[in-house]
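Thanks, everyone. I have one structure to walk through this morning. Please bring it up on your screens.

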Amino acid sequence: MDEAEIELLCIGNALVDVFAPSTVKELDSLGITEPVQHVAPEKIQEILLAFPGAFSSAGGGSANTAKVAAGLGVSTIFVGSVGDDRLGQFYETELVAAGTAFRLFRSVLPTGICVMFQLPGGKTRIAASPGAALELKREHIDDELIRKTKVVVLDGFILHREDLTRYILDRANQYGTVVALDVGSAEIAEERAAEIIRYSREYPLILFMNEAETRAFYTGGAAKNNAADEEDDTGNNREIHRIYRFLRKLTTDELFPIIVVKQGSRGSTVFAGGAVHRNAIPAIIPKDSTGAGDAFCAAFLAAWLRGKSLAECSGLGNRIARETLRVNGANIDRKKLAHIAKTRL
């Protein structure tokens with residue numbers, strides 16, 4: 001790829017996603033008892049031995065976004081850190097197959113792994129060992145790459161490294177590059193709410209959150225300082241109204257920030273310029289929801305880069321997210337992505 005033509009520069013944790021059908025009894029016997037559990041590299045290898053037929057894919061939020069965006073014809077580069085090991089090579093091979101360029105930095109630590117255990121009834125448990133993924137550093141981020149890029153996509157887990165986040169945001173702002181941030185978890189949304197609000201006021205930001213993250217973001221960033229609203233409104237529906245008022249206030253400027261709330265089977269809502277854009281979709285029973293939010297971001301940004309309206313952006317995001325629900329991870333067939341891009345972009 002000619003790096004003068006970069007549309008999306010995706011920066012984040014490089015994790016090999018593993019999808020394994022399992023049972024509560026089996027996971028309890030392995031010591032995987034929490035909804036999300038961090039484990040040592042040795043433990044994750046022990047777990048993988050118990051699931052020899054599990055499906056694996058190059059993952060992590062930003063990498064998933066890069067893969068789907070590339071399938072939609074967007075020029076992308078993924079930047080992350082992997083181990084100098086077999087899984088690191090597997091990760092690189094997967095990115096090549098997805099059609100995205102990359103800059104992978106090799107660490108002495110093992111390549112990060114995230115195992116999604118698919119339980120009966122649609123529930124999941126997750127065991128993660130991030131390993132080399134956390135070794136991504138400031139010196140790995142090329143200023144010139146940011147300068148040549150239209151949109152930098154940040155994995156929300158990068159927010160835990162404030163110096164790295166600030167460095168990327170400052171460089172993007174310096175070069176007139178838009179930043180898209182997918183918050184990634186409700187814990188991050190609440191813990192980092194004040195920080196995210198500050199970034200939204202200082203930088204050209206497109207913020208993606210799901211509904212749980214949006215509620216947590218409101219709790220961390222507004223509810224504590226919004227006593228009058230809380231006295232006036234009670235009940236679940238009125239809580240949603242308070243949250244929506246809060247998001248509208250954050251997005252009253254003409255251009256940025258743009259806040260996109262991903263609502264799963266109910267579609268999405270976009271807040272921008274003081275207005276609200278709602279886009280509903282029919283419900284679908286998912287095979288696996290991992291990567292659906294990342295695919296939504298990829299499609300939304302692909303449409304935004306092509307000058308589509310916010311309604312069209314969220315509409316395409318919903319369409320591509322639905323396709324992701326039919327497969328494990330963000331591994332939509334590239335021919336299908338190309339066809340959708342031809343008809344919608």
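I will go through the sheets, then some helices, then a few single residues.

First, a caution. This is a predicted model.

Start with the sheet of five strands. It is open, and the strand order is β3-β8-β7-β2-β4. The pairing is mixed. Which strands stand at the edges? They are β3, residues 36-38, and β4, residues 55-59. Each has a single partner strand, so one side of each has no neighbour in the sheet. On average, neighbouring strands here are turned by 20° against each other, direction ignored.

Look at one pair in detail. Strand β2, residues 15-21, pairs with β4 in the antiparallel sense, over five bridges. Within that pairing, Val16 sits opposite Ala58 of β4.

Two helices pack on this sheet. One is α2, residues 41-49, which touches β2, β7 and β8. The direction of α2 makes about 45° with that of β7. Next is α3, residues 61-71, which touches β2 and β4. Here the angle, taken against β4, is about 90°.

Arg125 is in strand β8. Is this arginine buried or exposed? Its relative accessibility is 13%; the cut-off for buried is under 20%, so Arg125 counts as buried. What does its side chain reach? A polar atom of the Arg125 side chain lies 2.7 Å from the backbone oxygen of Ile32. Ile32 is also on the contact list of Arg125, once neighbours within four places in sequence are left aside. That list includes Val24, Leu27, Asp28 and Glu34. Also on it are Val115, Met116 and Phe117.

Now the other sheet. How many strands does this open sheet have? Nine, in the order β6-β5-β1-β9-β10-β11-β12-β13-β14, and the pairing is again mixed. At the edges are β6, residues 101-107, and β14, residues 275-279. Each of these has a single partner, so one side of each is left without a neighbour in the sheet. The twist from one strand to the next averages 15°.

Again, one pair. Strand β5, residues 76-83, runs parallel to β6, with seven bridges between them. Val82 stands opposite Arg106 in β6.

On to α4, residues 86-98. Just after the helix, Gly99 takes a positive phi of about 85°. For background, most residues other than glycine have a negative phi.

Then α14, residues 334-344. Leu337, Ile340 and Ala341 are its buried residues. They cover an arc of only 100° around the axis, which puts them on the same side of α14. A general point explains the spacing: an α-helix has 3.6 residues a turn, so residues three or four places apart point the same way. On the other side of α14, the exposed residues are Lys335, His339, Lys342 and Thr343. What covers the buried ones? Elements including α3 and α13, residues 310-324. At the start of α14, a side-chain oxygen of Asp333 comes within 3.0 Å of the backbone nitrogen of Lys335.

Two last stops. Phe300 lies in helix α12, residues 292-305. At 0% relative accessibility, Phe300 counts as buried. Leaving aside neighbours within four places in sequence, its contacts include Ile206, Phe208, Val260 and Leu310.

Finally, a cis peptide bond. Which residues does it join? Phe256 and Pro257, with omega at about 0°. Most peptide bonds are trans. Pro257 lies in the loop between α11, residues 236-250, and β12, residues 258-262.

That is the tour. Questions, please.

Key:
Residues numbered from 1 in each chain as written. Predicted model: local features only at pLDDT ≥ 70, side-chain atom pairs only at ≥ 80, totals over all residues. Heavy atoms only, no water. Pairing = 2+ DSSP bridges. Helix = DSSP H or I, 4+ residues; strand = E, 2+ residues; numbered from the N terminus. Axes fitted to C-alpha atoms, helices over the stretch in contact; angles between N-to-C directions. Contact = heavy atoms within 4.5 Å. Buried < 20%, exposed > 50% of the residue type's maximum accessible area, 1.4 Å probe, protein only. Polar contact = N/O pair within 3.5 Å; in protein donor to acceptor, adjacent residues only side chain to side chain. Arc of directions from axis to C-beta.
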